[in-house]
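Please read the points below with the sequence and the model side by side.

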Amino acid sequence: TEVNNYGFNVERKANNGQWEKVGFVNGNGNSNSPKEYSYIDNNLIGGSKFLYRLKQVDNDGQFEYSEAVEVEVVPTQYELSQNFPNPFNPSTAIKFSLPKETRLKINIYNMLGQLVETIAEGTYETGYHKVTFNASSLPSGAYIYRIESSDFVQVRKMVLIK
């Protein structure tokens, strides 16, 4: 049953980071019948193990936290996502997922195939990651970003508009 339930803030914490609100689920106010709630987190960043908690908020603003629950989400394949935003000015986020710990490099190339910058290099743990590319010193145009490891190579295109 529920009394005065405005809803639930869904909060996530990754890799000893800070708790952050990732969503909200509406409550049912006052109810004598059982209710089911669900939330799907489609924006995982920061590894493969995450802590979640609910902040149940009443209509009058009072709130209470649930206990934290650990969830492990392991990608099933390597993936390099399209940068966002695209087109961008001057920075953009590049997300990638790894099914196992991987030594990798992410390079940025101009359309002539010349290396512009290496934005990530090293060993990354299993899970979901994000790097930011700041192109404030580059001219407008199309660029290629390439992730490479011993097990995986993928390329995508992005556009810088100033």
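1. An open sheet of four strands has the order S9-S8-S11-S12, and its pairing is antiparallel. At the edges are S9 (115-124) and S12 (153-160), each of which pairs on one side only. Direction ignored, neighbouring strands of this sheet are turned by 15 degrees against each other on average. Strands here are DSSP runs (E, at least two residues), numbered from the N terminus, and two strands pair if DSSP finds at least two bridges between them. Axes are lines fitted to C-alpha atoms, and angles run from 0 to 180 degrees between N-to-C directions.

2. A word on the source: this is a predicted model, in which local features need pLDDT of at least 70 and side-chain atom pairs count only at pLDDT 80 or more, while totals for chains, interfaces and linings use all residues. Residues are numbered from 1 along each chain as its sequence is written, and side-chain values use heavy atoms, with hydrogens and water left out.

3. Within the sheet, S8 (residues 102-110) and S9 run antiparallel and are joined by eight bridges. Arginine 103 stands opposite threonine 123 in S9. A salt bridge also connects glutamate 121 and lysine 105, with the closest N and O atoms 3.8 Å apart. Because glutamate 121 lies in strand S9 and lysine 105 in strand S8, this pair ties together parts that are 16 residues apart in sequence. The term salt bridge means a side-chain nitrogen of Lys or Arg within 4 Å of a carboxyl oxygen of Asp or Glu.

4. Is strand S7 (residues 91-98) mostly covered or mostly uncovered? It is mostly covered, as six of its eight residues are buried. Buried means under 20% relative accessible area, exposed over 50%, and partly exposed in between (1.4 Å probe, protein chains only). S7 is joined to strand S10 (residues 127-134) by eight bridges, and the two run antiparallel; alanine 93 stands opposite threonine 132 in S10. Two bridges join S7 to strand S6 (residues 79-80), also antiparallel, and there leucine 80 has phenylalanine 96 as its bridge partner.

5. The whole structure has six salt bridges. One of them joins aspartate 41 and arginine 12 at 2.5 Å, N to O. These residues are 29 apart: aspartate 41 is in the loop between S2 (20-31) and S3 (49-58), and arginine 12 is in S1 (residues 2-14). Aspartate 41 is buried at 16% relative accessible area, and arginine 12 is buried at 4%. A network of salt bridges links Arg12, Glu20 and Asp41.

6. Another salt bridge is formed by aspartate 151 and lysine 100, at 3.0 Å between the closest N and O atoms. Aspartate 151 is in the loop between S11 (141-149) and S12, lysine 100 is in the loop between S7 and S8, and the two are 51 residues apart. Both are partly exposed, aspartate 151 at 44% and lysine 100 at 43%.

7. How many aromatic pairs does the structure hold? There are six. Tyrosine 6 and phenylalanine 24 form a tilted pair, 5.5 Å centre to centre, with 45 degrees between the planes. Tyrosine 6 lies in strand S1 and phenylalanine 24 in strand S2, so the pair ties together parts that are 18 residues apart in sequence. Rings of Phe, Tyr and Trp (its six-membered ring) pair if their centres lie within 6.5 Å; planes under 30 degrees apart count as stacked, over 60 as edge-to-face and the rest as tilted.
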